[in-house]
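Subject: Structure handover

Hi,

Here is the structure I promised to pass on, with the sequence alongside.

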Amino acid sequence: MGEVGEIRFRQLFIDGAFRDAASGATLEVIEPATEEVLAEVQAAGAAEVDLAVTAARRAFDDGRWSGLDAGQRARILFEMARILDERRGAIAPIESRDAGKTLFDSGKIEIPFAAELLRYYGGWATKLHGQTSLNKPGTLLYTLRQPVGVVGAIVPWNFPLLMAMWKVAPALAAGCTVVLKPAELTPLSALELADIAREAGLPDGVLNVIPGLGSVAGQALVEHPGVDKIAFTGSTAVGQQVMRTAAGSLKRLSLELGGKSANIVFADADVDAAVKTALTGIFYNKGEVCAAGSRLLVERPIYEQVVEAVTAKAGKLTLGSPLEKTTRMGPLVSAGQLERVLGYIEKGKAEGARLCCGGERDTSATGGKGYFVQPTVFADVDPAATIAREEIFGPVLSVIPFEGEAEAVKIANGTAYGLAAAVHTADGARGHRVAQALKAGTVWINTYNMYDPDLPFGGFGESGFGRELGGHALDLYTETKSVWTHLG
């Protein structure tokens with residue numbers, strides 16, 4: 001299995017084997033905590049995308065996976081989960097070094113959740129049922145749910161393995177074959193997944209993993225005529241480009257995009273609990289979360305109390321190497337993301353928001369190296385300000401006051417996004433009333449950032465469409481066929 005944290009796989013995985021790119025092109029994977037090269041990985045071009053899609057198409061069309069007994073498909077997914085659990089200690093440091101996330105987050109939360117998804121969808125493999133109808137005498141009317149075919153899965157860098165599993169697990173359970181294009185910044189755990197699939201007995205060609213540039217490999221995957229469906233998670237801007245490109249071949253498409261989620265705290269809420277969840281909502285994974293609670297809306301009577309508490313606790317978060325147990329926040333994923341976040345912080349200052357803590361690059365965490373940004377809290381933020389409207393994707397919280405329920409809902413819904421939101425209140429009726437009024441695909445009440453394999457996740461508006469997780473995800477990877485039989 002290799003040493004803990006050893007990077008063993010640097011090649012493309014196509015048709016059941018690791019191989020180099022024909023061009024010899026590579027990607028430099030930079031470790032965000034040290035700014036040094038962590039690995040050089042083979043980079044797919046259009047030729048390798050074609051090889052991977054051809055392998056996936058062949059594996060789908062000959063029935064080696066879609067035609068396999070559903071119970072056997074389930075057993076292979078269960079075996080993948082077992083191996084992933086077994087290798088968690090080896091893969092977690094790779095994920096942490098690659099993406100800058102703490103070892104606790106990768107090893108205790110995200111990899112176990114990824115394994116849980118394999119088990120969850122392994123259970124679904126034997127439960128994809130059609131329906132029968134007795135509406136017409138002399139006929140047999142029924143529906144079939146059949147796999148959509150070859151899936152192109154394009155995943156982001158903030159949760160490299162977990163976001164891959166959100167797509168790979170339900171697609172495989174449905175009987176599809178997959179070409180997975182991991183983010184160019186964080187390809188390493190996806191290659192570990194390829195090896196796990198191989199060891200678990202997944203037939204050749206059913207899962208292919210092709211690291212590469214989004215503008216090259218990602219574009220070629222979306223354009224390829226052999227791909228039946230694209231599942232994409234990433235920014236709204238790139239999602240719009242994917243949608244334009246996919247329109248040329250009318251591929252099935254699901255998009256999980258950006259967010260500017262509102263976390264609403266009413267005056268009757270448990271303030272200590274609300275502050276704790278507000279911190280989790282924005283500083284988990286250093287704010288590089290599509291559903292991050294980046295707008296904290298607080299009712300006037302407790303506004304200053306909440307601002308003071310959030311500021312005090314944010315200022316105590318420990319930055320440092322993701323591999324250290326004392327670290328509570330690691331570095332941003334790249335130099336480009338560092339520049340982006342610092343640029344938004346400067347806009348916040350320039351537009352008159354009150355800077356309560358942070359606001360600078362942190363150069364003390366690892367001897368001046370690394371893409372670290374201090375946990376940053378702005379108060380008195382105008383809902384129309386740039387930092388309250390645009391997705392920052394970093395550890396930057398905008399605190400906004402409100403007067404009453406109607407204004408809270410108006411401010412929360414005053415965005416083009418609609419991915420997630422939260423409501424904190426002791427009034428159960430208000431919690432459900434506001435949850436119904438919020439334009440968001442997920443609403444948490446008295447908590448934040450909680451997920452379950454059985455609960456669908458997805459957005460409204462510019463946060464995309466389609467629902468991942470739960471039984472709803474299987475709708476993304478199946479077609480419904482109607483059969484009308486005349487009985488004579």
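**Two loops to look at**

E35 sits in the loop between β3 (26-31) and β4 (36-42). Before going further, please keep in mind that this is a predicted model, in which local features need pLDDT of at least 70, side-chain atom pairs count only at pLDDT 80 or more, and totals for chains, interfaces and linings use all residues. Residues are numbered from 1 along each chain as its sequence is written, and side-chain values use heavy atoms, with hydrogens and water left out.

With a relative accessible area of 30%, E35 is partly exposed. For the burial words in this email, buried means under 20% relative accessible area, exposed means over 50%, and partly exposed is in between (1.4 Å probe, protein chains only). Strands and helices are DSSP runs numbered from the N terminus: E with at least two residues for strands, H or I with at least four for helices.

K286 also has a positive phi without being a glycine, here about 50°. You will find K286 in the loop between α9 (271-283) and β13 (295-299). Is K286 buried or exposed? Its relative accessible area is 2%, so K286 is buried.

**The chain as a whole**

The chain holds 15 helices and 22 strands. Its radius of gyration is 23 Å, which agrees with the value near 23 Å for a compact globule of 488 residues. That radius is taken over C-alpha atoms, and the globule rule is 2.2 Å times the number of residues to the power 0.38. Along the principal axes, the C-alpha atoms fill a box of roughly 75 × 60 × 40 Å.

Of the 488 residues, 57% are buried. If we call it a contact when heavy atoms are within 4.5 Å, then among contacts with a separation of 6 or more, 73% are between residues 24 or more positions apart. The accessible surface comes to about 18800 Å², and carbon and sulfur atoms account for 52% of it. Those areas come from the Shrake-Rupley method with a 1.4 Å probe; for residues, only the protein chains shown count as cover.

**Charges and salt bridges**

There are 47 positive and 57 negative side chains, and the centres of the two sets lie 4 Å apart. Lys and Arg count as positive and Asp and Glu as negative, while His and the chain ends are not counted. Each charge is placed at NZ of Lys, CZ of Arg, CG of Asp or CD of Glu.

A salt bridge here is a side-chain nitrogen of Lys or Arg within 4 Å of a carboxyl oxygen of Asp or Glu. By that rule the count is 27.

An α-helix has 3.6 residues a turn, so residues three or four places apart point the same way. R57 is partly exposed at 22% relative accessible area, whereas D61 is exposed at 52%.

Which other residue forms a salt bridge with R57? D228 does, with the closest N and O atoms 2.4 Å apart. This pair links distant parts of the chain, 171 residues apart: D228 is in the loop between α7 (214-223) and β10 (229-233), and R57 is in helix α1. D228 is partly exposed, with 25% relative accessibility.

E479 and R252 form another salt bridge, their closest N and O atoms being 3.1 Å apart. They too link distant parts of the chain, with E479 in strand β22 (residues 478-486) and R252 in strand β11 (residues 252-256), 227 residues apart. Both are partly exposed: E479 has 38% relative accessibility and R252 has 24%.

**Buried helix positions**

In α7, the buried residues include A217, G218, A220, L221 and V222. Among the elements covering the buried residues of α7 are α1, β7 (150-154), β8 (177-181), β10 and α8 (236-246).

A81 belongs to helix α2 (residues 70-86) and is buried, at 0% relative accessibility. Leaving aside residues up to four places away in sequence, A81 touches A115, L118 and R119. A81 and R119 are 38 residues apart in sequence, with their C-alpha atoms 6.3 Å apart in space.

Happy browsing!
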